[in-house]
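Trainee: Please take a close look at the aromatic rings in this model. Walk me through what they pair with and where they sit.

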Amino acid sequence: FDGDVNLELVSGTGWLEITLDVPFIFDPTTTNLVVAVDENSPSYSSGSDEFLCDQDVRANVSRYYYSDSTNLDPAAPSQAGTVSSYYPNMRFEFGDIPAGALITVSPNPHDFGTVIFQTSSTQVFTIQNIGSGTGDITSVTITGTNAGEFAIQNLASTPFSLESSASENFDVVYTPTIEGAVTANLEVVDNVTRQTHIIPLSGEGFDPVVSTFPYEEDFEDGGALPIGWTQDVADDFDWIIYAGGTPSSATGPTTDHNPGTSAGYYLFTESSGNNGNTANVISPPLNISSLTNPYLGFWYHMYGAAMGTLNVDYSTDGGANWANLWTLTGDQGDLWKQAIVELPAGTNLLRFSGTTGTSYTSDMAFDDVSVFDLDYPIFSVSPESKDFGMVNAGYVSEEETFTITNVGAGVLSITNV
């Protein structure tokens with residue numbers, strides 16, 4: 001059995017019975033039976049009796065682990081925690097090995113999840129004879145509406161025989177060519193009962209190439225890097241997707257740009273322990289051929305005394321070569337600022353590259369990335385501010401040249417300065 005159990009833990013309610021999805025042969029003289037349970041209960045503590053219930057004369061019969069921050073995976077039990085002589089509040093019922101052959105197939109069913117185009121996801125399936133006789137497998141095929149999206153690999157030639165307790169492993173590979181949800185069936189036929197074992201297969205293909213605009217990414221995916229965005233494996237460390245203020249003081253944002261709350265997500269470089277290192281994160285592939293005036297917009301936050309450099313690079317050959325598109329170095333104040341820059345023709349990838357400064361106060365961030373067709377003027381003035389310092393009355397200060405630029409399209413009209 002592998003799944004969720006919903007049970008309101010009230011004293012005296014009795015037992016919850018779980019029937020195994022796939023029967024198996026268990027020999028207690030040679031094998032240990034491990035059951036892992038992930039329980040999420042409010043106010044759960046070491047004093048609770050909701051799971052561990054009684055003590056055994058033997059030691060080391062269970063292991064428990066409490067955490068308010070880590071949600072453990074029952075399929076991969078942790079080696080951390082406390083070994084205990086208390087045993088869980090559960091019991092097992094065993095039956096005799098069935099007379100004659102009995103064929104099972106696992107897992108059943110299986111969802112491959114979301115898989116990106118031009119990649120594959122592989123699942124190992126097991127055909128097992130849990131009976132006492134010998135059984136033959138006459139065919140293993142994939143049928144159904146989207147059977148062509150799946151392939152069987154590493155399977156013995158059919159027909160083949162399975163003696164008692166014997167098993168055969170093979171792979172089913174999902175390589176999406178259809179965007180969206182797909183379904184099919186894995187069908188295994190045995191000669192014991194002439195039964196066809198039907199295992200539902202499902203998956204969802206995702207084409208990461210962005211060709212519909214405007215493209216907007218706000219990173220509000222619950223703390224996960226959006227599908228299609230990738231961390232560069234050849235850099236020094238990774239960008240972190242984060243909500244709230246960065247761990248260090250006097251650097252980094254306290255909220256994201258939009259919605260501008262501590263619950264909103266953005267990407268930042270954790271400069272503590274990463275001084276002078278570079279982190280790269282790469283956008284999904286782009287096809288901007290339909291855009292007349294392709295532009296990139298994003299918001300950045302570069303606050304900290306030792307702030308490093310944020311670069312945005314572009315590639316026209318799928319990442320084989322990169323050229324710089326935009327760069328900024330140094331402390332820009334504790335606020336989010338917007339950058340808008342024209343994309344060169346043929347741009348098909350973008351890379352946000354952060355190189356940290358000399359200390360921990362170099363937590364730079366970016367958020368709300370967009371690629372769009374710019375058809376309106378945009379006002380820009382440089383520098384954005386100027387401190388002329390202290391000037392005595394009657395004296396003329398130093399001069400500063402300000403430049404007004406239309407960084408958009410069309411005509412920008414200046415009515416007053």
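Mentor: Lys386 sits over the face of Phe388, 5.8 Å from the ring centre. Keep in mind that this is a predicted model.

Now the ring pairs. The structure holds 17 aromatic pairs. Take Phe125 and Phe170: their ring centres are 6.0 Å apart and their planes meet at 20°, so this pair is stacked. Phe125 belongs to strand 7 (residues 121-129) and Phe170 to strand 11, so the pair ties together parts 45 residues apart in sequence. Phe125 counts as buried because its relative accessibility is 0%. Phe170 is buried too, with a relative accessible area of 1%.

Trp239 and Phe366 give an edge-to-face pair, with 5.0 Å from centre to centre and 80° between the planes. This pair links distant parts of the chain, 127 residues apart. Trp239 is in the loop between strand 15 (230-231) and strand 16 (240-243), while Phe366 is in strand 24 (residues 364-373). Both Trp239 and Phe366 are buried. They also belong to a cluster linked by ring pairs, whose other members are Phe219, Trp229, Phe298, Tyr300, Trp326 and Phe352.

Asp171 counts as buried because its relative accessibility is 15%, and the cut-off is under 20%. Its side chain makes a polar contact of 2.7 Å with the side chain of Asn154. Leaving aside neighbours within four places in sequence, Asp171 touches Thr122, Gln123 and Val124, along with Ala151, Ile152, Gln153 and Asn154.

Notes:
Residues are numbered from 1 along each chain as its sequence is written. This is a predicted model: local features need pLDDT of at least 70, side-chain atom pairs count only at pLDDT 80 or more; totals for chains, interfaces and linings use all residues. Side-chain values use heavy atoms; hydrogens and water are left out. Buried means under 20% relative accessible area, exposed over 50%, partly exposed in between (1.4 Å probe, protein chains only). A polar contact is a pair of N or O atoms within 3.5 Å; within protein, one must be able to donate a hydrogen and the other to accept it, and residues adjacent in sequence count only if both atoms are side-chain atoms. Contact means heavy atoms within 4.5 Å. Rings of Phe, Tyr and Trp (its six-membered ring) pair if their centres lie within 6.5 Å; planes under 30 degrees apart count as stacked, over 60 as edge-to-face and the rest as tilted. Helices (H or I, at least four residues) and strands (E, at least two) are DSSP runs, numbered from the N terminus. A charge sits over a ring if NZ of Lys or CZ of Arg is within 6 Å of the ring centre and within 35 degrees of the ring normal.
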